[in-house]
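Me: Could you walk me through the aromatic rings in this one? I'd like a close look at how they pair up and what sits around them.

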Amino acid sequence: FMHLENLCSQVLNMSHVMSVVVNVINFIKHNSLKHRQFQEYLRELESEYSDLLFYAKIRWLSRGNCLLRFWKLREEIRIFMNENGKDIFELHDEHWLLDLCFLTEITIKLNELNRKLLGENKLFTDCYQDIKTFVIKLKLYKNQLLSNNAVHFQLLNEFKSDRKDFKKYAYEIANVITAFEKRFSYMEKYEEMFKIFLIPFNVDVELSQPIFQMELIDLQSNMELKCLFEKNK
């Protein structure tokens with residue numbers, strides 16, 4: 001599930017954002033002197049954060065935290081880079097900054113799904129439900145963004161600009177939806193069987209597969225288990 005989710009996230013066409021973020025972080029952190037100067041600069045400003053975070057491609061979940069930290073320190077980064085003779089055009093560009101907002105937030109949402117999939121005592125069926133729920137949310141995000149409504153994207157909403165156009169992000173999300181539906185389509189044929197594990201006391205025994213019928217009858221006839229199931233739903 002997590003591997004497939006990772007592949008789905010890669011359809012986002014946002015390399016123009018990540019390349020700038022990674023290059024800036026590498027410039028600051030790969031040079032020990034620049035790195036110390038940047039940390040000292042943040043201390044002088046009494047910044048909420050004391051450093052940038054590295055992004056490791058093999059650990060793609062690090063991208064969300066890295067992007068969020070970069071976004072919150074964007075002004076400090078812009079001034080520091082300018083003072084070091086590296087004026088970053090994108091940090092003055094509203095369109096690029098909006099793209100950074102979107103990529104940060106959609107990545108954080110993907111990270112949240114990943115954490116759910118990593119949860120303890122997760123059944124296969126629980127993970128599938130998490131995926132289905134996430135796709136429904138993506139469809140809501142897409143429809144709202146098509147109407148230029150970014151109610152579930154706080155950074156986009158808060159960005160001060162008179163040229164906000166969120167429709168292009170709806171198309172990015174549409175690509176993610178297509179990827180999820182394609183890669184997880186093989187699971188649809190098992191949905192009826194999943195009900196046995198999700199709501200066993202509501203399953204029609206006669207409509208279930210023969211290999212489960214005897215155990216279902218035993219289970220549904222056990223009043224103690226049924227009470228426990230109802231209590232913990």
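**Rings and their partners**

Reply: Let's start with Phe-159, which counts as buried because its relative accessibility is 9% (buried is under 20% relative accessible area, exposed over 50%, partly exposed in between, using a 1.4 Å probe and protein chains only). Keep in mind that this is a predicted model, where local features need pLDDT of at least 70 and side-chain atom pairs count only at pLDDT 80 or more, while totals for chains, interfaces and linings use all residues. Residues are numbered from 1 along each chain as its sequence is written, and side-chain values use heavy atoms, leaving out hydrogens and water.

There are 12 aromatic pairs (rings of Phe, Tyr and Trp, the last by its six-membered ring, with centres within 6.5 Å; planes under 30 degrees apart are stacked, over 60 edge-to-face, the rest tilted). Phe-159 pairs with Trp-71 in a tilted arrangement, with 5.9 Å between centres and 45° between planes. Trp-71 is in helix α4 (residues 62-72) and Phe-159 in the loop between α8 (154-158) and α9 (167-183), so the pair ties together parts 88 residues apart in sequence (helices are DSSP runs of H or I, at least four residues, and strands runs of E, at least two, numbered from the N terminus). Trp-71 is buried too, because its relative accessibility is 6%.

Next comes a stacked pair: Phe-102 and Tyr-169 have centres 4.6 Å apart and planes at 15°. Here, too, distant parts of the chain are linked, with Phe-102 in helix α6 and Tyr-169 in helix α9, 67 residues apart. Phe-102 counts as buried because its relative accessibility is 0%, and Tyr-169 is buried with a relative accessible area of 1%.

Back at Trp-71, there's also a charge to look at. The charged end of Arg-74 sits over that ring, 3.6 Å from its centre (the rule is NZ of Lys or CZ of Arg within 6 Å of the ring centre and within 35 degrees of the ring normal). Elsewhere, Lys-109 lies over the face of Phe-153, 4.9 Å from the ring centre.

If you want a group of rings to click through, Phe-1, Phe-124, Tyr-128, Phe-134, Phe-180, Phe-184, Tyr-190 and Phe-194 form one aromatic cluster.

Phe-201 counts as buried because its relative accessibility is 12%.
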